[in-house]
Amino acid sequence: MNSLIDKSAVVIGGLAPVGRLAFGCWRYVGMSVSEARLRIDAALGAGMNLIDTADVYGLDWGGTGFGACEELLGAVLKANPALRARMVLASKGGIIPGVPYDSSAKYLVEACEASLARLNTEVIDLYQIHRPDFFAHPAEIAEALLRLKRDGKIREVGASNFTPSQIDMLAEAVPIVSHQFEYSALRLAPLTDGTFDQCLRRPLAALAWSPLAGGKLSTGEGLRAPLLKCLDHLAQREGVDRATLALAFTLAHPARPVVIVGTMNVERIAAVGASLDVCLERNDVYDIIEASMGASLP
């Protein structure tokens, strides 16, 4: 069989190549610096050299508040400076709980500088607008991002959770190299709403978050019976667990998404690479899609 999964590294703008799997820091809270270091070591050891965080991470999963995940990662980098050169560090800004979004030039510059301080680094490799601010003009957003690039505080610019038209609008004002969006066997919209099409056309690096749908694709909780049956059949055939099979599905698109995995289990981090060796063919991925939709494609 010829698998749809291309295991080769992905290049994001002018950054160092990254692996097809990345380490997400949304749950990177509630542990000591030494415990946090173990997670980074496991991720880098598994080829997950893109480390993805955001300034707002830390408000969930028992975190101490806004910025807590960046602070913990920054503490790891301060204690182990050599780790920084081994990773492509990504962060995001623009969400303010209660506002909820602010992409004004003044705020973005201040938010990025605050992230740099928390992360104990001089530069963020990939800085992404976390969610679109409907009341920020693209020219003003570009002003901030271009200033940050010019000052050497960020290397490349991306967007997260934008619509394709919002990406196009922003990209007219500032070069965009990535788009981060939700995609999984339970979240199929990027296949049909133009998101993946745009990633291929521009091109943009596609960064897929929540590839296990918040754990549902691992536990089976709330899944349609046909989808559960399909995933389990393919997992058994490939000799892997359901979560690994679900990750393989997200990897199979020709846009070659970088799949962001958020587990904090060290053993699981080390094992996720097995998804790259799953052999999914065209009929397999369409079986998953139809089972998820609960209907046959025309």
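The model is predicted, and local features need pLDDT of at least 70, side-chain atom pairs count only at pLDDT 80 or more, and totals for chains, interfaces and linings use all residues. Residues are numbered from 1 along each chain as its sequence is written, and side-chain values use heavy atoms, with hydrogens and water left out.

I begin with the chain as a whole. The protein chain holds 11 helices and eight strands; these are DSSP runs, numbered from the N terminus, with helices being H or I of at least four residues and strands being E of at least two. A compact globule of 298 residues would have a radius of gyration near 19 Å, and the protein chain, at 19 Å, agrees. That radius is taken over C-alpha atoms, and the globule rule is 2.2 Å times the number of residues to the power 0.38. Of the 298 residues, 55% are buried, meaning under 20% relative accessible area with a 1.4 Å probe, protein chains only.

Next, strand E1, residues 21-24. Leu21 and Phe23 point one way, Ala22 and Gly24 the other, and all are buried. E1 runs parallel to E8, joined by three bridges, and Phe23 stands opposite Val261 in E8. E1 also pairs in the parallel sense with strand E2, residues 50-52, over two bridges; pairing requires that DSSP find at least two bridges between the strands. Gly24 has Asp52 as its bridge partner in E2.

Finally, the pockets. A pocket is an open set of points on a 1 Å grid over the protein atoms alone, where a 1.4 Å probe fits, with protein on both sides within 12 Å along at least five of seven lines; lining residues have an atom within 4 Å of a point.

The largest pocket has a volume of about 640 Å³, a volume being the space filled by probe spheres set on the points. Its lining comprises 32 residues, with Trp26, Arg27, Trp209, Ser210 and Gly262 nearest the centre. Helix H9 (242-251) and strand E8 (258-261) are the elements that give two or more residues to this lining.

What is the volume of the second largest pocket? That volume is about 380 Å³. Among its 15 lining residues, Leu191, His253, Val285, Tyr286 and Ile289 are the closest to its centre. Helix H11, residues 282-293, contributes the largest share of this lining, four residues.

Conventions. Buried means under 20% relative accessible area, exposed over 50%, partly exposed in between (1.4 Å probe, protein chains only).
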